[in-house]
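Let me get the chain up on screen and then write down what I look up.

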Amino acid sequence: MAIKFHNPKSVALAGKYSLGAEVAPNARLLYVSGQVGVDSKGKLGAGIEKQVELTWKNIGQVLKSAGMGYKDIVKITGFLTDARYMTAYREVRGRFIGEPYPASTLVIVSGLADPGMMVEIEVVAAK
């Protein structure tokens with residue numbers, strides 16, 4: 001396997017993520033630029049749940065183009081424009097990301113490139 005996840009019992013784990021993800025030597029790495037909640041025509045999704053869903057679908061398309069899938073993700077960095085979106089973010093993410101969970105960071109920011117955007121997610125995948 002190209003990924004080994006590390007979750008030492010001596011460090012508290014506060015959610016569905018791994019504390020560390022180790023990529024094997026000679027694995028292919030894919031850095032996916034921040035994706036946002038727009039459909040294939042560039043239309044922004046209505047509401048946080050739809051935007052998170054579209055964001056993960058866009059990530060899936062980039063992964064697929066590299067011969068990878070969601071299980072190959074080793075690191076997620078998510079950006080939300082409001083802390084109140086965390087529940088929806090986590091719920092929708094759970095539809096796409098399962099065990100073993102990748103390493104993950106979630107940041108609340110004051111804004112994204114377009115004022116209507118509520119979420120942006122970038123990932124690193126390895127295979």
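In which helix does E53 lie? I looked, and E53 lies in helix α1. Before going on, I noted that this is a predicted model, with local features needing pLDDT of at least 70, side-chain atom pairs counting only at pLDDT 80 or more, and totals for chains, interfaces and linings using all residues. Residues are numbered from 1 along each chain as its sequence is written, and side-chain values use heavy atoms, with hydrogens and water left out.

Setting aside neighbours within four places in sequence, I found E53 in contact with V92, R95 and F96 (contact means heavy atoms within 4.5 Å).

Next I took α1 as a whole. Helices are DSSP runs of H or I with at least four residues, strands are runs of E with at least two, and both are numbered from the N terminus. Helix α1 covers residues 48–65, and at 1.5 Å a residue its 18 residues should span 26 Å; the end C-alpha atoms are 26 Å apart, so that agrees. The expected span is 1.5 Å times one less than the number of residues. Among the buried residues of α1 I listed I48, V52, L54, W56 and L63. The buried residues of α1 pack against β3 (29–36), β4 (73–80), α2 (86–96) and β6 (119–126). After α1 comes G67, with a positive phi near 75 degrees.

**Entry: the whole chain**

I counted two helices and six strands. From the N terminus, the order is β-β-β-α-β-α-β-β. The chain has a radius of gyration of 15 Å, close to the 14 Å that the globule rule gives for 127 residues, so it is as compact as a globular protein of that length. That radius is taken over C-alpha atoms, and the rule is 2.2 Å times the number of residues to the power 0.38. I also saw that 42% of the 127 residues are buried. Of the contacts with a separation of 6 or more, 71% are between residues 24 or more positions apart.

**Entry: the sheet**

In what order do the four strands of the open sheet come? I read β3-β6-β4-β5, with mixed pairing. β3 and β5 are the edge strands, each pairing on one side only; two strands pair if DSSP finds at least two bridges between them. β3 and β6 run antiparallel and are joined by six bridges. I found V36 opposite E120 in β6.

**Entry: G78**

G78 sits in strand β4. I put G78 down as buried because its relative accessibility is 0%. G78 and L106 are 28 residues apart in sequence, yet 4.7 Å apart in space, C-alpha to C-alpha. Not counting residues up to four places away in sequence, G78 touches Y89, T105, L106, V107, E120 and I121.

**Entry: S104**

My last stop was S104, in strand β5 (residues 103–108). Which side chain makes a polar contact with the side chain of S104? I found R93, at 2.8 Å. A polar contact is a pair of N or O atoms within 3.5 Å; within protein, one must be able to donate a hydrogen and the other to accept it, and residues adjacent in sequence count only if both atoms are side-chain atoms.

Notes:
Buried < 20%, exposed > 50% of the residue type's maximum accessible area, 1.4 Å probe, protein only.
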